[in-house]
Amino acid sequence: MLIELLTAKYPGMRRWLTQRLCALSMALVLVLFLIRMLWLSPQNYQDWVAMFAPLWWRWLVVWFFVCMLLHAWLGVRDVLRDYVPHLPSRGVLQALVDIAVLGNALAVLWILFGMNV
């Protein structure tokens with residue numbers, strides 16, 4: 001039954017499940033972040049840089065932001081589809097959202113991997 005709901009016949013269910021899995025994934029990373037914060041307790045800039053120095057941690061933070069941006073993109077897309085009936089306006093707004101999401105993704109990558117550690 002669940003597999004049938006995830007087919008092309010019900011595209012809304014795939015988006016719904018994607019948002020829920022992204023939210024769960026973000027919650028798990030957030031719990032790990034809080035544990036790491038309590039364990040390392042960064043007090044100054046050098047401590048923060050050291051906290052984000054391990055490559056595995058940076059990739060985990062990238063995963064968090066990928067999930068967050070996908071979650072937000074799907075939510076805004078659904079809101080635009082529900083509340084902006086004028087197709088050209090919806091297309092322009094969706095393009096602006098796409099540019100913002102891409103810009104945020106590039107900023108996260110630049111911040112995390114552009115550091116001189």
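Contact here means heavy atoms within 4.5 Å. Keep that cut-off in mind for the helix pair below. The model is predicted.

Start with two helices. H4 covers residues 55–83, and H5 covers residues 87–113. Two packed helices are described by the angle between their axes and the distance between the axes. For H4 and H5 the angle is about 170°. Their axes lie 10 Å apart. Angles over 145 degrees count as roughly antiparallel, so H4 is roughly antiparallel to H5.

Now look at the residues that meet. On the H4 side they include Leu 55, Arg 58, Trp 59, Val 61, Val 62 and Phe 65. Leu 69, Trp 73, Val 76, Arg 77, Leu 80 and Arg 81 also take part from H4. H5 answers with residues including Arg 90, Leu 93, Gln 94, Val 97, Asp 98 and Val 101. Asn 104, Ala 105, Val 108, Leu 109, Leu 112 and Phe 113 join them from H5. By class, the contact of H4 with H5 has 17 nonpolar residues, two polar ones and five charged ones.

Next comes the largest nonpolar core. Seven residues make it up: Met 51, Phe 52, Trp 57, Val 61, Val 62, Val 108 and Leu 112. H4 and H5 are the elements that give two or more residues to this core. H4 gives the most, with three residues.

Turn now to charge. A search of the whole structure finds two salt bridges. In one of them, Asp 78 pairs with Arg 15, and the closest N and O atoms are 3.7 Å apart. This pair links distant parts of the chain. Asp 78 sits in helix H4, while Arg 15 belongs to helix H2, residues 11–40. The two are 63 residues apart.

Asp 78 also forms a salt bridge with Arg 77, at 3.6 Å from N to O. How do these residues stand in terms of exposure? Asp 78 has a relative accessible area of 25%, so Asp 78 is partly exposed. Arg 15 is partly exposed as well, at 23%. Arg 77 has 18% relative accessibility. Buried means under 20%, so Arg 77 counts as buried. Through shared partners, the salt bridges join Arg 15, Arg 77 and Asp 78 into one network.

Note on methods
Residues numbered from 1 in each chain as written. Predicted model: local features only at pLDDT ≥ 70, side-chain atom pairs only at ≥ 80, totals over all residues. Heavy atoms only, no water. Axes fitted to C-alpha atoms, helices over the stretch in contact; angles between N-to-C directions. Helix = DSSP H or I, 4+ residues; strand = E, 2+ residues; numbered from the N terminus. Parallel < 35°, antiparallel > 145°, perpendicular 65-115°, else oblique. Nonpolar A, V, L, I, M, F, W, Y, C, P; charged D, E, K, R; others polar. Core = buried A, V, L, I, M, F, W, Y, C linked by side-chain atoms within 4.5 Å. Buried < 20%, exposed > 50% of the residue type's maximum accessible area, 1.4 Å probe, protein only. Salt bridge = Lys/Arg side-chain N within 4 Å of Asp/Glu carboxyl O.
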